[in-house]
Amino acid sequence: MKKRPARTKLWQILKKDINDHKEIDHRIALARAAANKLGILWNSGKQPIRWKVTVYLAVVNSILAYSLESATLTKAMLNKLDNFQNTMLRRIKGVVPTHID
């Protein structure tokens, strides 16, 4: 018996957009957990900033970006990712936030 080609329905397209939001929130949570485990490294004054950023890009950023290459990102989603990355880079640099999120 022949298989019929799958059809994309409107609810599937809308559901994918909702899933992209959930996936970004999930990725940020996983990346934040990994960054918190590396907190000793971020707070260490012995390591150069360049090395800390290299570790961040290799570990935390790769967790954050995993499986998002095919996601359709809206401006709000991009802002959420940018805010997370800026927060992490400030933490690595040791910049204290002027307000509490």
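The model is predicted: local features need pLDDT of at least 70, side-chain atom pairs count only at pLDDT 80 or more, and totals for chains, interfaces and linings use all residues. Residues are numbered from 1 along each chain as its sequence is written, and side-chain values use heavy atoms, with hydrogens and water left out.

## Exercise 1: the overall plan

Find how many helices and strands the protein chain has, and what share of its residues is buried.

Step 1. Count the elements. There are four helices and zero strands. Helices (H or I, at least four residues) and strands (E, at least two) are DSSP runs, numbered from the N terminus.

Step 2. Read along the sequence. The pattern is α-α-α-α.

Step 3. Check burial. Of the 101 residues, 24% count as buried. Buried means under 20% relative accessible area, exposed over 50%, and partly exposed in between (1.4 Å probe, protein chains only).

Step 4. Look at the contacts (heavy atoms within 4.5 Å). Among those with a separation of 6 or more, 75% join residues 24 or more positions apart.

## Exercise 2: the salt bridges

Locate the salt bridges in the whole structure and describe the residues in each.

Step 1. Apply the rule: a side-chain nitrogen of Lys or Arg within 4 Å of a carboxyl oxygen of Asp or Glu. The search finds two. Side chains of opposite charge can pair when their charged atoms come close.

Step 2. Take Arg-27 and Glu-23. Their side chains meet at 3.2 Å, N to O. Both residues lie in helix α1 (residues 10-37), four residues apart, about one turn of the helix. An α-helix has 3.6 residues a turn, so residues three or four places apart point the same way.

Step 3. Arg-27 is buried, at 11% relative accessibility. Glu-23 is partly exposed, at 24%.

Step 4. Take Asp-25 and Lys-80. Their side chains meet at 2.7 Å, N to O. Asp-25 is in helix α1 and Lys-80 in helix α4 (residues 75-93), so this pair ties together parts 55 residues apart in sequence.

Step 5. Asp-25 is partly exposed at 39%, and Lys-80 is partly exposed at 35%.

## Exercise 3: the faces of α4

Work out which residues of α4 are buried and which are exposed.

Step 1. α4 has 19 residues and reaches 27 Å from its first C-alpha to its last, close to the 27 Å expected at 1.5 Å a residue. The expected span is 1.5 Å times one less than the number of residues.

Step 2. List the buried residues: Met-77, Leu-81, Phe-84, Met-88 and Ile-92. Seen down the axis, the buried residues of α4 fall within an arc of 75 degrees, so they line one face of the helix. The arc is that of the directions from the helix axis to the C-beta atoms.

Step 3. Turn to the other side. There, Lys-75, Ala-76 and Lys-93 are exposed.

Step 4. Step past the end. Gly-94 follows α4, and its phi is positive, near 90 degrees.

Step 5. Ile-92 is 39 residues from Val-53 in sequence and 7.3 Å away in space, C-alpha to C-alpha. Val-53 lies in helix α3 (residues 49-65).
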